[in-house]
Amino acid sequence: MAHEEVKLFGMWSSPFVRIVEVALKIKGVQYEYIEEDLQNKSSQLLKYNPIHKKVPVLLHNGKPIAESLVIVEYIDETWKDNPILPQDSFERAQARFWAKFIVVKWLLSLWKACRCVENEREKAMEEASENLKILENELKDKGFLGGETIGLVEIAAKIIAYWVGVIQEVAGVEIMSRQKFPVLFKWIDELFSCNVVNESLPPKDKLAARFRSLLGSR
Amino acid sequence: MAEDKVQLLGYWGSPFALRVKWALKLKGIQYEYLEEDLPNKSPMLLELNPVLKKVPVLVHNGKPLAESLVIIEYIDETWTHNPLMPKDPYDRAKARFWAKFADEKCVPATMSSFTKSGEEKEKAEKEARENFKTLESALEGKPFFGGEGIGFLDIAIGWLGIWARLVEEIAEVTLIADDYMPVLSKWFKDFLELPTIKEALPPRDKLLVHNKGFREMLMGGST
């Protein structure tokens with residue numbers, strides 16, 4: 001079998017990079033990890049993701065793929081062991097929907113709320129809270145998001161929940177609280193305690209310091 | 001085998017419902033179309049898409065799905081004849097990447113050039129033009145994004161050929177500059193002329209009136 005060359009360009013504090021890393025680990029793919037200094041992007045990163053100039057970027061036998069959810073689907077389709085997306089097409093569609101929701105409406109909306117200027121903050125926080133209510137209700141209704149087998153949605157949720165916890169604490173806001181969203185918290189707690197995900201999480205204090213400096217100048 | 005029941009909840013003026021319609025038509029799927037009277041959302045819509053409360057919603061044998069690109073991939077995977085997505089995982093990744101690029105880069109810039117004024121409008125117009133130019137590179141010398149024939153990416157972004165032109169007319173901007181991006185401009189024309197595609201288009205004059213009104217509302221009424 002031909003030698004496969006897999007490289008992942010990432011940045012340690014990016015949850016999107018983590019999601020891709022976990023996918024690679026679950027599949028047992030050997031890869032080289034390249035840490036990017038986003039203040040000083042490598043010529044390779046700019047070459048392989050000229051459009052967005054962001055991480056993560058996966059390079060497989062010289063072919064670059066960008067955008068974390070696109071990368072995960074590629075990984076799932078290329079290395080067939082241990083499927084990350086459900087096999088059933090309806091469940092797979094649900095998983096795609098919720099994965100996007102988790103990234104955009106959970107993480108990014110909460111991140112926005114923490115970075116907003118005063119007069120926009122309340123509205124942004126309300127929006128973030130509404131999005132969390134949607135997750136809470138779906139979990140109350142169905143007991144799970146997306147498919148019934150563990151995969152992308154659970155990986156993304158576990159990682160995003162971790163990041164959101166740190167961001168909230170650093171920003172001094174509490175949009176996602178155990179009292180307001182008990183079902184969501186219970187679900188996150190019970191998510192498979194897969195070592196692969198837990199091992200991938202950066203130390204809380206290190207992540208907190210990073211976000212403190214990102215949010216600090218406000 | 002049980003008969004498939006397919007329903008599409010849409011809105012005549014929604015480009016996202018349109019691209020799902022295109023997918024259904026290209027697959028030759030029989031479906032029932034239900035027009036939503038937006039903004040008076042029907043109880044059915046609210047029940048089937050409680051999460052986002054938006055059209056389009058595809059209901060297949062009673063099971064609802066939302067998000068047009070998710071729906072299109074579902075259609076492609078469920079009815080496997082006339083495949084829309086490429087076979088090769090790398091080509092599939094590229095198709096998904098570019099669909100996302102169009103939705104997240106071309107569309108917001110187009111919207112901003114539509115609703116903003118002055119310097120902000122100029123900046124948005126330039127940005128939209130550059131984003132469309134970037135999109136052109138994804139054709140990679142082929143007549144369609146899908147190759148010799150149309151595929152997922154063509155139907156994912158083809159609607160912009162109508163809507164961006166409407167924005168150009170109403171807001172007096174230039175987004176798809178024919179001389180700056182001749183290949184993309186040609187692709188839009190060719191795509192929108194295809195019979196299956198053309199048949200599903202909402203009437204342009206109706207869209208023009210609708211979007212003019214939409215713009216007035218967004219810009220606060222009087223100019």
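Predicted model: local features only at pLDDT ≥ 70, side-chain atom pairs only at ≥ 80, totals over all residues.
Over all chains, the count of salt bridges comes to 28. Another of them joins the side chains of B:E199 and B:K25 at 2.9 Å, N to O. Because B:E199 lies in helix α9 (residues 195-200) of chain B and B:K25 in helix α1 (residues 15-27) of chain B, this pair ties together parts that are 174 residues apart in sequence. B:E199 is exposed, with a relative accessible area of 57%, whereas B:K25 counts as partly exposed at 28% relative accessibility.

B:K100 is partly exposed at 28% relative accessibility, and B:E104 is partly exposed at 40%. Salt bridges also link residues of both chains in a network, whose members are A:E73, A:E77, A:R92, A:R96, B:E73, B:E77, B:R92 and B:R96.

In soluble globular proteins, nonpolar side chains tend to be buried together. Here the largest nonpolar core has 157 residues, and the members that touch the most others are A:W106, A:L184 and B:F132. The element giving the most to this core is α4(A), with 14 residues. Leaving out residues up to four places away in sequence, A:L184 touches A:W106, A:L132, A:L135, A:E136, A:L139 and A:M176.

The buried residues of α5(A) are A:A124, A:A128, A:S129, A:N131, A:L132, A:I134, A:L135, A:E136, A:E138 and A:L139. Among the elements covering these buried residues are α4 and α7 (182-190) of chain A. Just after α5(A), A:G143 has a positive phi of about 90 degrees.

The cysteines can be considered next. A disulfide is a covalent bond between the sulfur atoms of two cysteines. The structure holds zero disulfides over all chains. For A:C116, the nearest cysteine sulfur is that of A:C114, 9.2 Å away; such a distance places A:C116 in no disulfide, because the cut-off is 2.5 Å between the sulfur atoms. A:C116 is buried, with a relative accessible area of 10%, and B:C106 is also buried, with a relative accessible area of 0%.

In chain B, strand β3 (residues 57-60) is joined to β4(B) by four bridges, and the two strands run antiparallel. B:H60 has B:K63 in β4(B) as its bridge partner. Together β3(B) and β4(B) form a hairpin with two residues between them, and B:N61 in the turn has a positive phi of about 50 degrees.

Helix α3 of chain B contains both B:S68 and B:D76. B:S68 is buried, with a relative accessible area of 8%. Not counting residues up to four places away in sequence, B:S68 touches B:F16, B:R19, B:V20 and B:P56. The C-alpha atoms of B:S68 and B:V55 are 8.4 Å apart, and these residues are separated by 13 positions along the chain.

B:D76 is buried as well, with a relative accessible area of 10%. Setting aside neighbours within four places in sequence, B:D76 is in contact with B:K27, B:N82, B:P83, B:L84 and B:M85.

Notes. Residues numbered from 1 in each chain as written. Chains lettered and ligands numbered in written order. Heavy atoms only, no water. Salt bridge = Lys/Arg side-chain N within 4 Å of Asp/Glu carboxyl O. Buried < 20%, exposed > 50% of the residue type's maximum accessible area, 1.4 Å probe, protein only. Core = buried A, V, L, I, M, F, W, Y, C linked by side-chain atoms within 4.5 Å. Contact = heavy atoms within 4.5 Å. Pairing = 2+ DSSP bridges.
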